[in-house]
Amino acid sequence: MNVVLINGSPNPKGCTYTALSEVARELEKQGVESRIEHIGVLPIRGCAACRQCAKLGRCVFDDAVNRLADVCAQADGLVFGSPVYYAGVSGQMKSFLDRLFFAHGARLAYKPAAAVVSARRGGCATAFDDINKYFTINRMPVASSQYWNQVHGNTPQEVLQDEEGLQIMRSLAQGMAWLIRCIELGKRSGVVAPTPEPAVRTNFIR
């Protein structure tokens with residue numbers, strides 16, 4: 001069992017990383033391998049709606065999305081972390097998620113997932129909601145915690161003083177480990193994921 005944690009901050013070792021590290025440590029204690037991947041500091045293109053990914057099996061823009069798509073698809077669980085910028089996720093993370101889910105959503109379906117956000121003070125709720133919407137549109141069980149998955153602090157050292165935030169990260173890891181085990185036991189007992197119906201798309205303007 002393994003969980004991949006995606007650090008969507010331009011800062012590879014900043015506040016978001018500190019929060020994800022707390023999740024990763026608790027996952028390891030729960031017997032689940034963890035791995036933090038940084039999307040990097042290079043620009044990540046937004047989706048160009050060219051739909052070539054359906055033909056190629058990968059995005060035409062060769063950046064962090066292609067680099068991490070297989071890593072995410074092979075994981076048993078996923079955690080996506082982002083700093084809060086103007087009450088939303090970072091621009092890099094937004095572009096990463098748009099293209100990852102558009103090109104590879106089918107490979108991520110039914111994997112437990114969670115969002116983690118980090119802010120100095122406010123804007124966590126909308127950023128948290130931004131990320132969670134990717135899961136709920138893609139048939140992914142959402143791993144929960146005792147509160148919304150957020151930490152506060154302007155530096156990693158300040159995040160480490162957010163005792164409640166760190167406890168939330170540990171609680172999230174425990175819930176994620178439990179959910180992965182339940183899914184694994186279900187598979188061993190012959191419980192398979194649902195077969196989706198063919199998509200029906202209803203336009204509101206006809």
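Helices (H or I, at least four residues) and strands (E, at least two) in these legends are DSSP runs, numbered from the N terminus. The model is predicted, so local features need pLDDT of at least 70 and side-chain atom pairs count only at pLDDT 80 or more, while totals for chains, interfaces and linings use all residues. Residues are numbered from 1 along each chain as its sequence is written, and side-chain values use heavy atoms, with hydrogens and water left out.

**View 1**
Let's begin in the loops. Arginine 51 sits in the loop between strand S2 (33-38) and helix H2 (53-56). Its phi is positive, about 60 degrees, although arginine 51 is not a glycine. With 54% relative accessibility, arginine 51 is exposed; here buried means under 20% relative accessible area, exposed over 50%, and partly exposed in between (1.4 Å probe, protein chains only). Arginine 139 belongs to the loop between helix H5 (124-136) and strand S5 (150-152). Arginine 139, a residue other than glycine, also has a positive phi, near 60 degrees. Its relative accessible area of 45% makes arginine 139 partly exposed.

A pocket is an open set of points on a 1 Å grid over the protein atoms alone, where a 1.4 Å probe fits, with protein on both sides within 12 Å along at least five of seven lines; lining residues have an atom within 4 Å of a point. Grid points are joined across faces, edges and corners, and a volume is the space filled by probe spheres set on the points. The largest pocket holds about 690 Å³ of space. It is lined by 22 residues, and the closest to its centre are Phe101, Phe102, Ile137, Asn138 and Arg201. Which helix gives the largest share of this lining? That is H4, with nine residues. H2, helix H4 (91-108) and H5 each supply at least two lining residues. By residue type, the lining of the largest pocket divides into 11 nonpolar, three polar and eight charged residues. For this sorting, Ala, Val, Leu, Ile, Met, Phe, Trp, Tyr, Cys and Pro count as nonpolar, Asp, Glu, Lys and Arg as charged, and the others, Gly among them, as polar.

**View 1. The second largest pocket.**
Here the volume is about 330 Å³. Of the 16 residues lining the second largest pocket, Tyr110, Ile183, Glu184, Lys187 and Ala193 are the closest to its centre. This lining is made up of 11 nonpolar, one polar and four charged residues.

A salt bridge is a side-chain nitrogen of Lys or Arg within 4 Å of a carboxyl oxygen of Asp or Glu. The count by this rule is 10 salt bridges. In one of them, glutamate 37 pairs with arginine 35, and the closest N and O atoms are 2.6 Å apart. Arginine 58 and aspartate 62 form another salt bridge, with the closest N and O atoms 3.2 Å apart. Arginine 58 is partly exposed at 38% relative accessibility, and aspartate 62 is exposed at 62%.

The side chains of arginine 188 and glutamate 184 meet in a salt bridge at 3.3 Å, N to O. Arginine 188 and glutamate 184 are about one helical turn apart because they lie four residues from each other in helix H7 (residues 163-188). Arginine 188 is exposed, with a relative accessible area of 64%, and glutamate 184 is partly exposed at 28%.

Threonine 16 is part of helix H1 (residues 15-29) and is buried, at 3% relative accessibility. Contact means heavy atoms within 4.5 Å. Not counting residues up to four places away in sequence, threonine 16 touches Asn7, Ser9, Gly81, Ser82, Pro83 and Ser118. Histidine 104 is in helix H4, and a relative accessible area of 4% makes this histidine buried. Leaving aside neighbours within four places in sequence, histidine 104 is in contact with Gly57, Arg58, Asn66, Ala69 and Arg99.
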